[in-house]
Amino acid sequence: MVGEAGRGSGTSLAERLNALFARVRWTDAHGRQREYSTAEVAKAVTADPAHPATLSRSYLAMLRNGSHTNPTLSVLEGLAKFFDDHREPESRPITVQCLVAQEDPEDALLRERLAGHQVRKIAMRAGAMTPAMREQLLKMIETFDEDGTPGPGAGA
């Protein structure tokens, strides 16, 4: 996932873009996974009326090879939207922050909440559960939430 692989501060925009091209794929008529071409992405970004970005194949190629490193915000928004629209439904959303390697506010909140030893312990146990067991656990947590009273050590 780019979310993990592309967020490091040592990776360039070109590396993050290429990781998106490698991860976000489409399925052809024979059921094979195919990578979007630079030309396909440039054309789709330009054709999308949801943002003002226009993007040529050659400019996108220069972003991918690292010879251009400072695209406009509208180009970043267009690229993020294209890849987010075509990602696997269960994968993390693709945002402009992913492309520019800024910390995602959701990641900061997750790190803050996982700082507590008890929270990490619960998360690790939940990660080892079956999907059905996790669903039961979530229902129990929702029942606790309905009560509205935090338990002892709720901040830990």
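## A tour of the predicted model

The model is predicted.

**Whole chain.** Begin with everything shown. The protein has 156 residues, and buried residues make up 26% of them. Take the contacts between residues at least 6 apart in sequence: 44% of these join residues at least 24 apart.

**Helices α2 and α5.** Next, select residues 13-23, which form helix α2, and residues 73-86, which form helix α5. Their axes come within 11 Å and cross at roughly 25 degrees. Angles under 35 degrees count as roughly parallel, so α2 is roughly parallel to α5. The crossing of the two helices is left-handed.

**Side chains between them.** Keep both helices and show the residues that meet. On the α2 side, select Leu-13, Leu-17, Leu-20 and Phe-21. On the α5 side, select Leu-76, Leu-79 and Phe-83, which the α2 residues contact. What kinds of residue make up the contact of α2 with α5: nonpolar, polar or charged? Seven are nonpolar, with no polar and no charged residues among them.

**The loop between the strands.** Now move to β1 (25-27) and β2 (33-35) and select Asp-28 in the loop that lies between them. Is Asp-28 buried or exposed? Its relative accessibility is 12%, and buried means under 20%, so Asp-28 counts as buried.

Definitions and conventions:
Residues numbered from 1 in each chain as written. Predicted model: local features only at pLDDT ≥ 70, side-chain atom pairs only at ≥ 80, totals over all residues. Heavy atoms only, no water. Axes fitted to C-alpha atoms, helices over the stretch in contact; angles between N-to-C directions. Helix = DSSP H or I, 4+ residues; strand = E, 2+ residues; numbered from the N terminus. Parallel < 35°, antiparallel > 145°, perpendicular 65-115°, else oblique. Left-handed = near helix turned anticlockwise from the far one by under 90°. Contact = heavy atoms within 4.5 Å. Nonpolar A, V, L, I, M, F, W, Y, C, P; charged D, E, K, R; others polar. Buried < 20%, exposed > 50% of the residue type's maximum accessible area, 1.4 Å probe, protein only.
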